[in-house]
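Open the model in your viewer and keep the selection tool at hand. The stops below say what to select next and what is there.

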Amino acid sequence: MAEELDRIAPVIDELGRRFADAGHELSLVGGPVRDAMLGRRHNDLDFTTSARPEQTERLLKGWADAIWDMGRAFGTIGCRRGPWQVEITTYRSEAYDPSSRKPDVDFGDSLDGDLGRRDFTVNAMAVRLPGRQVEDPYGGVVDLAHRVLRTPGRPEDSFSDDPLRMMRAARFAAQLGFTVDDGVREAMTAMADRISIISAERVRDELVKLVCAPYPRLGLTLLVETGLAALVLPELPALMLERDEHHRHKDVYEHTLTVLEQAIDLEDRLGGEPDFVSRFAALMHDVGKPRTRRFLDDGTVTFHHHDVVGAKITRKRMQALRFSNDEIEAVTSLVELHLRFHGYGSGEWTDSAVRRYVRDAGDQLERLHVLTRADCTTRNQRKAARLARTYDELEERIARLSEQEELASIRPDLDGNQIMGILGIGPGREIGEAYRHLLELRMDHGPLGEERAREELLAWWAARSA
């Protein structure tokens with residue numbers, strides 16, 4: 001820990017003296033203290049102080065490179081100093097009215113009181129500045145050593161004050177690989193429905209952090225087992241289908257978590273950083289199965305069109321959680337396309353079918369490669385190897401065609417202006433139909449060249465006008 005404090009000394013020592021000289025207390029607090037003890041580095045630093053926001057703002061002027069006050073209503077002033085992002089919050093306590101979506105904030109007057117209102121003991125440790133005295137009134141160091149999440153006081157009180165802390169428990173389990181104290185788990189289960197007062201945006205933000213964490217299975221499992229998932233992401237527990245008596249189909253829930261983990265293992269194909277879109281698509285790819293499950297007379301089970309149904313369900317859930325349109329389009333596209341590869345068989349697709357695969361995937365092609373490969377969870381090593389080889393071959397064909405034809409930007413051989421000039425008509429529905437006709441020819445036959453495209457267009461126009 002001392003090494004990390006020395007690294008951030010230009011911030012903590014200078015700020016500590018600055019506040020002390022003005023008669024105020026200042027402490028490094030929460031995540032930065034926890035992570036310093038875990039040997040984790042980052043440049044986002046959180047402080048708590050006895051100073052009120054306007055006093056903090058005055059003390060930062062002349063020291064910070066930039067200052068912002070979007071959190072002023074919650075007692076927080078933010079700033080940047082070189083590579084460090086700093087947030088300084090007045091000692092506070094906050095509680096939720098049972099019918100409110102936003103916390104009521106009251107400023108406090110002591111460090112211990114401030115620490116007592118924090119979510120978990122591992123986040124309720126502080127380093128007083130400038131002397132660097134560690135404050136740990138709730139046993140956070142011990143819990144950190146045991147890798148367990150507990151609340152500073154009764155979990156029922158903590159979750160009543162801020163129900164989002166129940167999701168934060170799952171998120172921290174996923175981020176840190178920690179277990180959750182039995183009392184915390186019991187309170188989460190008993191109070192799960194309290195999450196309904198939290199805004200969709202705040203729930204979404206916690207879910208994104210959880211899914212992008214190193215161990216998302218831990219957090220997602222906790223959400224399911226406590227009943228929180230049934231309220232914030234009900235499609236996930238719905239995957240726990242009752243298995244038929246002959247065990248003719250997979251445990252879809254466990255399969256889904258495995259696909260997520262395998263997609264994470266393939267993220268080096270996407271740049272190596274946690275990729276929410278591909279992870280969430282892996283999590284949602286089979287959510288259409290419960291609605292499409294059918295038992296046949298021979299005892300087998302089918303899930304026909306679960307890709308299309310799943311894409312619709314995914315869109316509705318992401319809209320409810322207030323995701324951006326771009327994120328919704330990306331994830332739902334992947335869910336809808338995740339079965340397309342299985343029509344490839346052992347390589348029977350024509351070049352036109354490969355072109356359509358690339359066209360339909362669009363800018364999600366690399367993520368579709370990841371999802372499709374991750375979706376193979378068979379324990380049959382021979383089958384898994386065969387599927388991998390077949391997908392290798394498909395990717396090689398895509399690469400060859402892309403080199404020849406610039407697949408990612410396939411367009412007809414004639415643009416809209418050329419089509420209007422050749423047909424001698426202005427903009428309208430017919431131009432769109434002609435464009436789509438030429439695009440289909442381009443998909444089927446590859447580049448036609450301008451002359452042949454002109455002939456095909458005139459032939460199509462004559463047949464249409466006959």
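Predicted model: local features only at pLDDT ≥ 70, side-chain atom pairs only at ≥ 80, totals over all residues.

Residues are numbered from 1 along each chain as its sequence is written, and side-chain values use heavy atoms, with hydrogens and water left out.

**The largest pocket**

Select Asp46, Glu87, Arg92, Arg168 and Lys209. Of the 45 residues that line the largest pocket, these lie nearest its centre. A pocket is an open set of points on a 1 Å grid over the protein atoms alone, with protein on both sides within 12 Å along at least five of seven lines; lining residues have an atom within 4 Å of a point. The volume is about 1600 Å³, counted as the space filled by probe spheres set on the points, which are joined across faces, edges and corners.

Next, select helix H8 (164-176), which gives seven residues, the most of any element, to the pocket lining. Helices (H or I, at least four residues) and strands (E, at least two) are DSSP runs, numbered from the N terminus. By class, the lining has 21 charged, 13 nonpolar and eleven polar residues. Here Ala, Val, Leu, Ile, Met, Phe, Trp, Tyr, Cys and Pro count as nonpolar, Asp, Glu, Lys and Arg as charged, and the others, Gly among them, as polar.

**The cavity**

How many cavities of 30 Å³ or more does a search of the whole structure find? There is one. A cavity is a set of grid points where a 1.4 Å probe fits but cannot get out. About 40 Å³ of space lies in the largest cavity. Select its lining: Glu4, Ile8, Leu28, Pro32, Asp35, Ala36, Arg40, His42 and Leu45. Helix H3 gives the most to this lining, with three residues.

**The cores**

Select Leu15, Leu28, Phe47, Phe280, Leu283, Tyr357 and Leu394, the residues with the most contacts inside the largest nonpolar core, which has 108 residues. Such a core is a set of buried Ala, Val, Leu, Ile, Met, Phe, Trp, Tyr and Cys residues joined through side-chain atoms within 4.5 Å. Buried means under 20% relative accessible area, exposed over 50%, and partly exposed in between (1.4 Å probe, protein chains only). H8 gives the most to this core, with nine residues. A second, separate core of twelve residues includes Met420, Leu448, Ala453 and Trp460.

Select helix H4 (residues 53-60); its buried residues are Pro53, Thr56, Glu57, Leu59 and Leu60. They are on the same side of H4 because they cover an arc of only 165° around the axis, taken from the directions from the helix axis to the C-beta atoms. Just after H4, Gly62 has a positive phi of about 90°.

Move to helix H18 (residues 351-361), where Ser352, Val354, Arg355, Tyr357, Val358 and Ala361 are buried. Gly362 follows H18 with a positive phi near 55°.

**Backbone details**

Most residues other than glycine have a negative phi, and most peptide bonds are trans. Select Leu129 and Pro130: the peptide bond between them is cis, with omega near 5°. Finish at Arg147, which has a positive phi of about 55° and sits in the loop between H6 and strand E10 (148-149).
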